[in-house]
Amino acid sequence: EYVNEILEKVNSVMTQFQNLEQNRSYIENFKELQQEIDKLPVALPSVATPLKELLSKASNLALRLRILKEHSGRNKLDKGKVEQFLQDYQDSPVKLEEAEYILEDLDYGHQVLEEAHQVLSQPEVTLERLNEITGKLNNMQVHMGEEEREVRVKIWKTKVQLAKSEKVNFPALAGWYHEGQQMRDFNLTEE
C-alpha cells in the first residue's frame, strides 16, 4: 500500500511536469512542483534534473529582464533589445509575469504605430485625432525605433499643416514648437 501511494505520487508529479511544460506555465507552478518532488521519499532524477535546468534558465531570463529594465531606467525600453530578449523567452517553457507584460507592451506599440499609419493615410484627419494618437505614442513603454520617429515627424508635420488652416491656441503652438525641437530632424527646420 505504501509503495502504491508513492508510485501514484510519482506518476502524478511526472504528469504535472509534462503538463506544465506543454502548457507553458508560470514559474511559480514549476517551483511548487519542485517542492513536491523534494517532499517525495524517493529520488526522481528523470523529472528533478530537467526541472532544475528549466528553473535555472528561467532565473537567467528573469535576471536579463531585470538588467534590461534597469538599463533603460526611466526611459522607454529599446525595441531591438526587447525583441532579442523575447526571442529567447519564447523558447522557454516557463512563463515570467514581467516578460508577459513586456510582450503586451511591444504588441501595444505595434498596434499604436499601425493606428497612426491609418490615421495619417486618411484625407480628412483632425487635430483632435492627431493629438489622440500622439498621446498613445507617449504612453508606449517600448521605443519602437526608426518607425516611431518617422510617425512622430509625420504627425507633427500634419499638425503644423492643419494649424495653417485652423485656429490653434498659443499653448498648443508652443508645445508643437518644443516637440519639433526635441525631434531634431533636418526636415523640420523650416516648419
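By salt bridge I mean a side-chain nitrogen of Lys or Arg within 4 Å of a carboxyl oxygen of Asp or Glu. In general, side chains of opposite charge can pair when their charged atoms come close.

Before going on, some notes on the source. The model is predicted: local features need pLDDT of at least 70, side-chain atom pairs count only at pLDDT 80 or more, and totals for chains, interfaces and linings use all residues. Residues are numbered from 1 along each chain as its sequence is written, and side-chain values use heavy atoms, with hydrogens and water left out.

Back to the pair. The cut-offs are under 20% for buried, over 50% for exposed, and partly exposed in between, with a 1.4 Å probe and protein chains only.

Now the whole chain. The protein has eight helices and two strands, in the order α-α-α-β-α-α-α-β-α-α from the N terminus. These are DSSP runs numbered from the N terminus: helices are H or I of at least four residues, strands are E of at least two. The C-alpha trace spans about 85 × 30 × 25 Å along its principal axes. The radius of gyration is 25 Å, whereas a compact globule of 191 residues would have one near 16 Å. That radius is taken over C-alpha atoms, and the globule rule is 2.2 Å times the number of residues to the power 0.38. Of the 191 residues, 35% count as buried.

How many salt bridges are there? The count comes to 11. One of them joins Arg 152 and Glu 148, with the closest N and O atoms 3.0 Å apart. Both residues lie in helix α7, four residues apart, about one turn of the helix. Arg 152 is buried at 17% relative accessible area, and Glu 148 is buried at 2%.

Another salt bridge is between Lys 159 and Glu 179, at 4.0 Å from N to O. Lys 159 belongs to helix α7 and Glu 179 to helix α8 (residues 170-183), so the pair ties together parts 20 residues apart in sequence. Lys 159 is buried at 2%, and Glu 179 counts as buried at 18%. Salt bridges that share partners also join Glu 115, Arg 129, Glu 132 and Lys 136 into one network.

Glu 28, Glu 32, Glu 36 and Glu 97 gather in a negative patch on the surface. Charged patches take residues with over 30% relative accessible area and no salt bridge, and join like charges within 9 Å. Which helix gives the most to this patch? Helix α2 (residues 27-39) does, with three residues. Glu 97 is in helix α5 (residues 97-121) and is partly exposed at 45%.

Last, a loop residue. Gly 145 is found between β2 (142-143) and α7 (146-165), and is partly exposed at 24%. Its C-alpha atom is 20 Å from that of Ile 67, and the two residues are 78 apart along the chain.

Note on methods
Patches are made of residues with over 30% relative accessible area and no salt bridge: like charges are joined within 9 Å, nonpolar side chains (Val, Leu, Ile, Met, Phe, Trp, Tyr) within 5 Å. Accessible areas come from the Shrake-Rupley method with a 1.4 Å probe; for residues, only the protein chains shown count as cover. Lys and Arg count as positive and Asp and Glu as negative; His and the chain ends are not counted. The place of a charge is taken as NZ of Lys, CZ of Arg, CG of Asp or CD of Glu.
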